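The tour goes from one selection to the next.

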Amino acid sequence: LSLHDALPISSAPSRVMQWEMTATPVTLPFDLHPAEVDERLTNAFSKGHVEQGFATEGWLKVDGQEYRLDGIGFKDHSCGIRDFRPWHSHNFLMVMSPEWTAHLIMMAAPDGEWLPAMGAVVGRDGSTDPITHLEFPRLADAVGGPITSRLEYTTVSGASFGYDVELIHACPITITEDNDNIK
């Protein structure tokens, strides 16, 4: 029995692909770890949880067909052990402008109660304006519905933002207790 024989065979056809992408930071990295956090989230973010927004340029070629990758990208990285027991689900959103990035997160406790909004608007200079209020509908299905909705948030400085939004892509994942992502 060879290793090839022991591996499962994909039912989908294989495709040749190539890509090239450049990601330019819009702002400095932001540690989402709030200074004071609801006790139900004490270990949800591990020892650090870094977010950063990027402007992207590039392409992806599949079987000779080229797709542009121009737009936005983000870094979402945590380190250390995470404890998912105190929370049930979350919505994470990132809004980017040429001068700032808004990192927005809503988390639900196991009973479904929404916890206080977290995040901040981060300026190019690294300044942060923490989020005090966030309204966005809970995602209701595996493809990210609702497809259109309203996003509103307010910061400590009193700045208010509001957008009509349209979902154009979703990436639902499940995170295991070993912190593995299943997409």
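The stops below cover a sheet, a loop residue and some aromatic rings.

This is a predicted model, so treat each stop as a description of a prediction.

**The sheet.** Select strands β6 to β11. These six strands form an open sheet in the order β6-β7-β8-β9-β10-β11, with antiparallel pairing. β6 (89–96) and β11 (160–166) are at the edges; each has a single partner strand, so one side of each lacks a neighbour in the sheet. From one strand to the next, the twist averages 25°.

**Inside the sheet.** Now select residues 100–108 and 118–123, which are β7 and β8. Six bridges join these antiparallel strands. A102 stands opposite V121 in β8.

**A loop residue.** Select T27, in the loop between β1 (17–25) and β2 (30–31). Is T27 buried or exposed? T27 counts as buried, because its relative accessibility is 3% and the cut-off for buried is under 20%. The side chain of T27 makes a polar contact with the side chain of T101, at 3.4 Å. Residues that T27 touches include Q52, E99, W100 and V122.

**Aromatic rings.** The structure holds four aromatic pairs. Select F74 and F92: their ring centres are 5.7 Å apart and their planes are at 50°, so the pair is tilted. F74 lies in strand β5 (residues 71–79) and F92 in strand β6, 18 residues apart. Next, select Y153 and F161, a stacked pair with 4.8 Å centre to centre and 15° between the planes. Y153 is buried, with a relative accessible area of 1%.

**Last stop.** Select K61 and W59. The charged end of K61 sits over the ring of W59, 4.8 Å from the ring's centre.

Note on methods:
Residues numbered from 1 in each chain as written. Predicted model: local features only at pLDDT ≥ 70, side-chain atom pairs only at ≥ 80, totals over all residues. Heavy atoms only, no water. Pairing = 2+ DSSP bridges. Helix = DSSP H or I, 4+ residues; strand = E, 2+ residues; numbered from the N terminus. Axes fitted to C-alpha atoms, helices over the stretch in contact; angles between N-to-C directions. Buried < 20%, exposed > 50% of the residue type's maximum accessible area, 1.4 Å probe, protein only. Polar contact = N/O pair within 3.5 Å; in protein donor to acceptor, adjacent residues only side chain to side chain. Contact = heavy atoms within 4.5 Å. Phe/Tyr/Trp six-rings, centres within 6.5 Å; stacked < 30°, edge-to-face > 60°. Lys NZ or Arg CZ within 6 Å of the ring centre and 35° of its normal. Lists of a residue's contacts leave out its neighbours within four places in sequence.
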